[in-house]
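Please look over the model below before reading on. My notes concern side-chain contacts.

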Amino acid sequence: MAGRTGKSIGSKSLGIAAEDIFACWHIYQKIRAKQMLTAERKISVTLKDIQAAQQRIRNKAIRTPLLRFYYEDSPGELYLKAENLQPIGSFKLRGAANAMAIADKSLLSKGVYTASAGNMAQGVAWNARIMNIPCTVIVPDHAPQIKLDAITRLGANFIKIPFSDWWQVIVTRQFDGMKGLFIHPVADPAVIAGNGTIGLEIFEDIPDVDSVIVPYGGGGLIAGIATALKALKPQVKIFASEVETAAPLAPSLSAGKPVNVEYTPSFVDGMGSSSVLSEMWPLVSSLVDGSIVLSLQQIANAIRLLIGRNRMIAEGAGGSSLAAALTGSAGSGKTVCVISGGNIDTEKLIKILSGTI
């Protein structure tokens, strides 16, 4: 084959073997093919999937309360779905429990790993400890210490890498040298179905709910909740809450396709990114009625209100849903704010309460 002599492509003069070039090209083609497959992956979750998940995880995740939020300047009746009261302080326990419960046991023999800023990490670690299997978490370099401490406390290990590299783990579902089953924190139908059990509980408690606001990170939470609620009450409105320092969904919905935005780390570490996951876009864009983008100050104000009015501690992502509701953008009817988590560093909370953040 003439192309493999090296002379026909001039590689010899560069000191590079033609075989090496062909090997690199082959690797590139494999990577490109995988990227295309990921982009075209179809994610489908049904109400039956979510109802099955509810039965599957009923003894693993608690049924969190739905509390009224009283505020004199409230645009309507506001309610708080307190997922910050889960044993790990976050809704992530639900999706992780469902995904690991239905996973092939032979795939779990070498343990599990995930990519998470801290909450999914705890969800996977919690369930791995119950199942007595090893767990490793790939965390971004801005992950808060309170979440890193929790990972260690639950018996898991973590590897800290730059945010951009961490995001690629989520996109490619791989981390070199890692053994075990990868539990995707967002784009896994079983995880989404587990998250969707929150929607079932909301409907059971307030069947005449008008709108629900869900913090938007990768889309797994809002997709699950929206799938459940839209099936049970098609006219319900589902809104995302985003922080202005990392809000890709709002401009993507406006453009009708995923767009990239600048990502700036902040105390709102549990949500936000520079882009919408391509595999999540079809599902999210078909279910979400809009996205409400908040400033850091609006979210900090909401966290203070949650503590002052309901004695409820929320992290940045968790506080964003109430902040969004208080803008009035979700309407004036019965609105449920999903308080997705309460794992916030003490130092950050002190700054928020003192008004210095």
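The points below cover salt bridges, aromatic pairs and charges over rings.

1. Ground rules. This is a predicted model, in which local features need pLDDT of at least 70, side-chain atom pairs count only at pLDDT 80 or more, and totals for chains, interfaces and linings use all residues. Residues are numbered from 1 along each chain as its sequence is written, and side-chain values use heavy atoms, with hydrogens and water left out.

2. Salt-bridge total. The whole structure was searched, and 12 salt bridges were found. The criterion is a side-chain nitrogen of Lys or Arg within 4 Å of a carboxyl oxygen of Asp or Glu. The next points take up some of them.

3. R63 and D205. These two form a salt bridge, with the closest N and O atoms 3.2 Å apart. It links distant parts of the chain: R63 sits in the loop between α2 (47-56) and β1 (66-69), D205 in helix α7 (residues 189-205), and 142 residues separate them. Helices (H or I, at least four residues) and strands (E, at least two) are DSSP runs, numbered from the N terminus. R63 has a relative accessible area of 41%, so it is partly exposed. D205 is partly exposed as well, at 35%. The classes are buried under 20% relative accessible area, exposed over 50%, and partly exposed in between (1.4 Å probe, protein chains only).

4. E72 and R309. Here the closest N and O atoms of the salt bridge are 3.1 Å apart. The partners again come from distant parts of the chain, 237 residues apart: E72 is in the loop between β1 and β2 (77-82), and R309 is in helix α11 (residues 296-310). E72 counts as exposed because its relative accessibility is 58%. R309 is partly exposed, at 37%.

5. K147 and D269. Buried or exposed, K147 and D269? Both are buried. Their side chains meet in a salt bridge at 2.9 Å, N to O. This pair links distant parts of the chain too, with K147 in helix α5 (residues 145-153) and D269 in the loop between α9 (249-255) and α10 (281-287), 122 residues apart.

6. A network. Which residues does a network of salt bridges link? They are K81, E83, R94 and E201.

7. Aromatic pairs. The search of the whole structure gives 6 aromatic pairs. One of them joins F69 and Y71: the ring centres are 6.1 Å apart and the planes are at 35°, so the pair is tilted. Rings of Phe, Tyr and Trp (its six-membered ring) pair if their centres lie within 6.5 Å; planes under 30 degrees apart count as stacked, over 60 as edge-to-face and the rest as tilted. F69 is buried, with a relative accessible area of 1%. Y71 is partly exposed, at 24%.

8. F163 and W166. Their ring centres lie 5.4 Å apart and their planes are at 40°, so this pair is tilted. Both residues belong to helix α6 (residues 163-172), 3 residues apart, about one turn of the helix. F163 counts as buried at 13% relative accessibility, and W166 counts as buried at 7%. Ring pairs also tie F163, W166, W167 and Y263 into a cluster.

9. Charges over rings. R68 lies over the face of Y79, 5.5 Å from the ring centre. R129 lies over the face of W126, at 5.3 Å from the ring centre. The test requires NZ of Lys or CZ of Arg within 6 Å of the ring centre and within 35 degrees of the ring normal.
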